[in-house]
Amino acid sequence: LHENATYEFCFVLPSKVNSAGIWENTTDPFIIFNYSLPFLELQAGFIMVPIFKQEQMARIFQHQELGIQIIDTASLFGFTLFFFLTGVKMDINSAFRITKRSLGIGIVSLLSPILVGVAVHETFKQHNEPQQVTTERLIETMIEALTSFSVIACLLAELKILNTELGRLALSSAAIGDLSTLVLVRIITFSRHFASSPLLVLVRGVTMCCFVALLFFVFRPLMYWVIKRTPNGGPIAEVYITATMMAAVGSAVLTHWSDRSPLIGAFLFGLAVPDGPPLGSALIDKFECFTNGLFLSVYVTSSTMRVRLQNWLSDPSHIKFSTIFSIATFFAKLIPCCICSFLNFMPFKDALAFGLIMSSKGIVQLSHICTFRDNKIISQRVFTTMIFGVLANATIVPLLVRFLYDPNSRKYRSYETRNLMHLKPDTELRILVCVHTSDNVPAMIYLLDHSCPTKESPNVIYVLHLIELKGRNSPVFIAHHNQETSTAASSFFENIIPFYEYEGNNWDSVTVNAFTTITPLKLMHDDICAMALDKQTSFIILPFHRKWSIDGSLEEENNMVKNLNCNILDQAPCSIGILIDRGRIQKLMKPSSSSSSFSIGMLFLGGNDDREALTLAKRMARDPRVKLTVIHLIAYQDCKNDVYWDTVLDIEMLKDVKQNNGVLGNGCNIKYVEEVSNCGAQTIKLIRSIANGYDLMIVGRRYGVESILLTGLSEWSEFPDLGVVGDLFASMDLDSRVSVLVVQQQKCI
C-alpha cells in the first residue's frame, strides 16, 4: 500500500583486496573483478588505453618519453620497496644456523652453473670475439647461477609446502646461495675496478662497511628499543613505522649516490629490521599488498614491454646458442641439487622437485636483467633472450614441482593403531598438547593433572606452542629442551614454563618436551600432524576457538583456530580431543577454591568416538580425586529391537563400569546411570538437566553418525568440529559453565 520493498544484500567482511587469479573459478573467470585491486587495475587500464591510443601523453607531458620515465620511476620505487620488504621477511639468523646439507647445496647451486656456463662459452667461443659478447655471457651465467631467497619463498608459499621438510631445506639453502651470490658479485665488481682505480675501490669498500655497521649497530638497536616500548601484543605507533620507511628510502638514496644500486641499500636496511611481530609484521601488513599488487605489476609490465621480438628472431645463430646455453646452465643447477638431496636419503621424485625449486627464477632475476639493460651492458637481443628464459622458467617450474611433490596426497596416515582404547594397561601415554596463547595453558595442565599418570603408566607430554608466521618468510621450529636454542627462544618460553613446573611436581610420572613452531596458519596443521606421527602420540589435545571468561560470558572467537582444528580432525594420525573451557576449570584452579574433588560426567551414546571417550574417562577415574558418572543414553527403540554389532561393542565396553568390581582399580568412584530418549528434543532436555552437575563433561564427536537420539539436531549444529552433542554443550543457549572435552577416535589407519 505504501510502496515499501525489502532488499537483501550480501557483504563479505572483511573485504578481500587480492584475487587468486582467473583460475579461482574456471567457470566464471570474471569473478576476479569482485576484488578491489583487479577492478582498480581494470579501471586504470581503461583510463590509460585512450591516452596512449590518442597520443594525448604528448600534449600532457610535452613528449611521450616523459610519461614513460614517470612510469619507470614509479615502478622502480615500488621495486625498491619490494626489496626492502624482502629483507624484512628474511631471517638473517637462519643463515648462521645452517646445516652441512644446506651449506653444501647452497654453494653447489651457485658454483655449478658458473662452471658449466664458462665451459659452454669457451666451447662456442669464436675467434676475435668482441669484449661485449664476453661480458654478456658472463652476465647470463651469473643470472642463471643466482638463487633468490624471496623467489623461492614465494614459490613455496604458493605451492603450500613452506613448512615441509623440502620447503625448510630449500629456504635454508636459498639463504646460503643468496648471500653467497651477493658476496661473489661484490668481489667480482671490486676486482674489476681495482686495476684501474684501487683507491676508489678501497673508498667504496670502506663506505659500504661503514654503512652496514651503521645499520646493524645503530639502527637495529634503535628498532629493538622501539619494540620494547611497545606494549606486549599491541600495535607499533605510526610514527615509528613512518620513520622506518623514511630510513629505508634514505638508505636506497645513499647507496645510489655512492654509485650502487638503490635496491642494495633498501635490502640491507630490511635485513636490519627485526623480523616478525611487532615491527616486521606491521611493515608487511601495511605495505606488502600495495607493493606486490600494484607496483610490481607495473614494473613487470613495463619491463616486458621492452622486449623486441622482431629483432630477436632476425639472428638464428644467437637463438641457437642461447637455447643451448640456457638448457645447459639450468641442468647444471638442477642435477647437482638433485644428487645432493638424493644422497641425503630423499626419494628421487622429492629430490627432483627440490632441484627444480632451487632452479626457479622470478622477479629478482627480472630486475637484474633490466638493470643491466638500463646501463647498456647487455644488448637488446640478449635482453629479450633472458626475459624469455625467466618467463619460461616461472611458468614451467611451478607446474612440475606441483606434479612431483603434492603434499595433499601425503596424508598423515599411521600404519599402527594409535588411540586410547588399544593402549596396554601399564604403558606410557603419549599426549600432544597444542597451545596458542597463555589462556590455553591452565585448563590444559589441569586436565593433564587429572589423567592419572603413575610410575607404571606415565604420561609423556609433548607441548607445541603455535605462533602464526608474520613478517618473515622462513618458518621457525624451536626445541626448548635443547640447551643450544633455549636462550635464543626465551621470548617464546612464557607459555612453556608452566608445563615444566608441572613436570617438576610430578617428576616420577610425567615427562615434558616443549616445542615452538612459527608457521602460516593455513599450514599449521601439517606441523601438528607431523609431530604426532613422529612422536607416536596416542592423543592430541586442542583448545577450542572460543574463549569464555571466568563468569561464563563469551570473550572472543578465532575462526582461524576453528579451521585449524577441522584440518587436524581430518588428517591426524591418532585420536583427538578438543577442550572447551567455559570457566568452571578456571574457577577450580583459584587458590580460594575449597573443592578438592573433580566431578566428571561422561555422556555415552555409543560408537567409536564414545568408546574412545569412555576409555579416557575410565583412566581419569583411577585418580582418587575424580568422581566419574557415566550416563548411558539409550534410544527407546533399542530397548525392544535388534542388537547390532556396534551395540555389542558398547555393552562390552560398559561391562566393567556397570559392575565396578575393581577392574578399573581399587577406590575408583564411578557411578553408572541409564537414560532413555526417543527424539532429539528429549536429548536436549537431558543435557540441560545434567550440564551444571559436573566440572567436566566428556563426549564423543560422532560426526556424521545418524541416531534417533539426535533426530533433527544436526541441522541446527553450529560447530561441525564438535559434533552434535559437543555443539549442544558449547552452545550459547546452554546456561552452564561446565567445561567439555570432545573426543574423536583415530580414523586414518
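Here is a short walk past three loop residues, Cys452, Gln536 and Lys361. Keep in mind that this is a predicted model, where local features need pLDDT of at least 70 and side-chain atom pairs count only at pLDDT 80 or more, while totals for chains, interfaces and linings use all residues. Residues are numbered from 1 along each chain as its sequence is written, and side-chain values use heavy atoms, with hydrogens and water left out.

Let's begin with Lys361, which you'll find in the loop between α14 (348-358) and α15 (363-374). Helices here are DSSP runs of H or I with at least four residues, strands are runs of E with at least two, and both are numbered from the N terminus. Is Lys361 buried or exposed? It's buried, because its relative accessible area is 7%; the cut-offs are under 20% for buried, over 50% for exposed and in between for partly exposed, using a 1.4 Å probe and protein chains only.

So who sits around Lys361? Leaving aside neighbours within four places in sequence, Lys361 is in contact (heavy atoms within 4.5 Å) with Ile143, Glu144, Val151, Val390, Asn393 and Ala394. With Glu144 there's also a side-chain polar contact of 3.0 Å. That term covers a pair of N or O atoms within 3.5 Å; within protein, one must be able to donate a hydrogen and the other to accept it, and residues adjacent in sequence count only if both atoms are side-chain atoms.

Now hop to Cys452, in the loop between α17 (441-449) and β2 (459-468). Its phi is near 60 degrees, a positive value in a residue other than glycine. Cys452 counts as buried because its relative accessibility is 12%.

Gln536 isn't glycine either, yet has a positive phi, near 55 degrees. At 42% relative accessibility, Gln536 counts as partly exposed.
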